[in-house]
Amino acid sequence: MTRAQEKERGTVFGDSLNLFGGEDAQKGTGSGIGVNSFLWRATLDTLSFMPLNSADPFGGVIITDWYTPGETPDERFKLTAYILGTALRSDAIKVSVFRQVNVGPNQWQDAVVEPGTVTSMEDAILTRARQLRIDSATAE
């Protein structure tokens, strides 16, 4: 069977299982990982300052471990990012931010996250994703 026939027929994984690039990855459709590849890379880039707990490219979920900023050692943050589709759109990324404050030796209590934090994080990811898409288009 030729490559064109295989592509036309599909596989047991759907249309294709394209983990390592190819035409779909260059277009940013991310059909190999089920999410937009630009949003996926942008999310990993944007959250790279935090320790990574898990990353599921098929489900589009990235979970960080707790991160304590150097300037505020009595608070820590954890983020979960959900990439919800293959389109590079603002509704294709959702970030949840969790914050805790230190109330005693090895005792943490959940705290309120400032309202603009989630929006700022989502905007930073979208800005990075758009830049990655522009960079890939100019590289061709």
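How many helices and strands does the secondary structure of the chain come to? I counted four helices and five strands. Helices (H or I, at least four residues) and strands (E, at least two) are DSSP runs, numbered from the N terminus.

Before going on, I noted that this is a predicted model, where local features need pLDDT of at least 70, side-chain atom pairs count only at pLDDT 80 or more, and totals for chains, interfaces and linings use all residues. Residues are numbered from 1 along each chain as its sequence is written, and side-chain values use heavy atoms, with hydrogens and water left out.

**Entry: the overall layout**

Then I looked up burial, where buried means under 20% relative accessible area, exposed over 50%, and partly exposed in between (1.4 Å probe, protein chains only). Of the 140 residues, 31% count as buried. I also checked contacts, meaning heavy atoms within 4.5 Å. Among the contacts with a separation of 6 or more, 39% are between residues 24 or more positions apart.

**Entry: the sheet**

In what order do the five strands form the open sheet? I read off β1-β2-β3-β4-β5, with antiparallel pairing. Two strands pair if DSSP finds at least two bridges between them. The edge strands are β1 and β5 (107-111), and each pairs on one side only. From one strand to the next, the twist averages 20 degrees. For angles, axes are lines fitted to C-alpha atoms, for helices over the stretch in contact, and the values run from 0 to 180 degrees between N-to-C directions.

I zoomed in on β3 and β4 (residues 93-104), which run antiparallel and are joined by nine bridges. Phenylalanine 77 has arginine 99 in β4 as its bridge partner, and lysine 78 has phenylalanine 98. Next I followed β4 to β5, an antiparallel pairing over five bridges. Here valine 101 stands opposite glutamine 109 in β5. The hairpin of β4 and β5 has two residues between the strands, and asparagine 106 takes a positive phi near 55 degrees there.

Helix α4 (residues 115-139) lies across β3 and β4, and I noted that it runs at about 135 degrees to β4.

**Entry: helix α3**

Why is α3 largely enclosed by the rest of the structure? Seven of its ten residues are buried, so that settles it. Those buried residues are Ser37, Phe38, Leu39, Trp40, Ala42, Thr43 and Thr46.

I then looked for polar contacts (a pair of N or O atoms within 3.5 Å; within protein, one must be able to donate a hydrogen and the other to accept it, and residues adjacent in sequence count only if both atoms are side-chain atoms). At the start of α3, a side-chain oxygen of asparagine 36 reaches to within 2.8 Å of the backbone nitrogen of phenylalanine 38. Threonine 46, also in α3, has a relative accessible area of 18% and is therefore buried. A polar atom of its side chain lies 2.7 Å from the backbone oxygen of alanine 42. Leaving out residues up to four places away in sequence, threonine 46 touches Met121, Ala124, Ile125 and Arg128.

**Entry: threonine 64**

Is threonine 64 buried or exposed? It has 1% relative accessibility, so I put it down as buried. I found threonine 64 in strand β2. Its side chain reaches the backbone nitrogen of leucine 79 at 2.9 Å. Not counting residues up to four places away in sequence, threonine 64 touches Leu47, Met50, Pro51, Leu52, Asn53, Lys78 and Leu79.

**Entry: rings**

I found one aromatic pair in the structure. The rings of phenylalanine 49 and tyrosine 67 have centres 5.2 Å apart and planes at 85 degrees, so the pair is edge-to-face. The rule is that rings of Phe, Tyr and Trp (its six-membered ring) pair if their centres lie within 6.5 Å; planes under 30 degrees apart count as stacked, over 60 as edge-to-face and the rest as tilted. Phenylalanine 49 is in the loop between α3 (37-46) and β1 (52-56), while tyrosine 67 is in the loop between β2 (61-64) and β3 (75-83), 18 residues apart. Phenylalanine 49 is partly exposed at 44% relative accessible area, and tyrosine 67 is partly exposed at 24%.

Last, I looked at tryptophan 66: the charged end of arginine 76 sits over its ring, 4.5 Å from the centre. That label needs NZ of Lys or CZ of Arg within 6 Å of the ring centre and within 35 degrees of the ring normal.
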